[in-house]
Amino acid sequence: MKKIEHIGIAVIDLEEASIVYEKLFGSAAYKREEVVNEGVKTAFFKNGPNKIELLEATNAESPIAKFIAKKGEGIHHIAFEVDDIVSEIARLKKEGFIVLNETPKKGADNKLVVFLHPKSTNGVLIELCQEIY
Ligand code: ZN
């Protein structure tokens with residue numbers, strides 16, 4: 001597992017939150033993307049080497065809608081970059097982590113992603129992501 005690739009923040013209103021983060025970083029989102037199968041709209045911000053992903057639910061079944069209903073807005077996940085997501089899944093399963101999707105799926109920002117259940121990571125939703133070339 002490599003560096004933190006980005007931190008995901010669940011927001012109620014992507015447009016309003018984008019204005020806040022634009023002011024915070026002094027620059028606009030460099031990418032906006034809807035991930036239909038996840039029920040989210042995202043906006044990515046860069047600050048130096050760090051990336052922040054804002055996520056808004058596009059329907060009530062979206063994991064982001066459920067998260068906000070339960071916990072309100074806030075940090076939703078931490079994403080780590082990996083070189084080989086398939087072998088990392090196998091390794092982490094062997095270590096006893098609960099993998100939410102056994103097969104990597106296409107996430108935002110041209111990545112294959114997999115999530116680890118917070119139950120197995122002390123309450124933090126962890127995303128592994130591998131760049132698609
Ligand atoms: Zn993410």
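## Chatting about Asp-109 and its protein

Me: Is Asp-109 buried or exposed in this model?
Reply: Asp-109 is buried, since its relative accessible area is 6% and the cut-off for buried is under 20%. Keep in mind that this is a predicted model.

Me: Where does Asp-109 lie?
Reply: You'll find Asp-109 in the loop between strand 6 (105-107) and strand 7 (111-116).

Me: And which residues does Asp-109 touch?
Reply: Leaving aside residues up to four places away in sequence, Asp-109 touches Tyr-30, Lys-31, Glu-33, Phe-44, Lys-51 and Glu-131.

Me: OK, new topic. How many helices and strands does the protein have?
Reply: There are three helices and eight strands. Going along the sequence, they follow the pattern β-α-β-β-β-α-β-α-β-β-β.

Me: What about the radius of gyration?
Reply: The protein has 14 Å, which agrees with the value near 14 Å for a compact globule with 133 residues. Along the principal axes, the C-alpha atoms fill a box of roughly 45 × 30 × 25 Å.

Me: Back to burial: what share of the residues is buried?
Reply: Buried residues make up 41% of the 133 in the protein.

Me: Last one, charges! How many side chains are positive and how many negative?
Reply: The protein has 18 positive and 21 negative side chains, and the centres of these two sets lie 3 Å apart.

Definitions and conventions
Residues numbered from 1 in each chain as written. Predicted model: local features only at pLDDT ≥ 70, side-chain atom pairs only at ≥ 80, totals over all residues. Heavy atoms only, no water. Helix = DSSP H or I, 4+ residues; strand = E, 2+ residues; numbered from the N terminus. Rg over C-alpha atoms; globule rule 2.2 N^0.38 Å. Buried < 20%, exposed > 50% of the residue type's maximum accessible area, 1.4 Å probe, protein only. Lys, Arg positive; Asp, Glu negative; His and termini not counted. Charge placed at Lys NZ, Arg CZ, Asp CG, Glu CD. Contact = heavy atoms within 4.5 Å.
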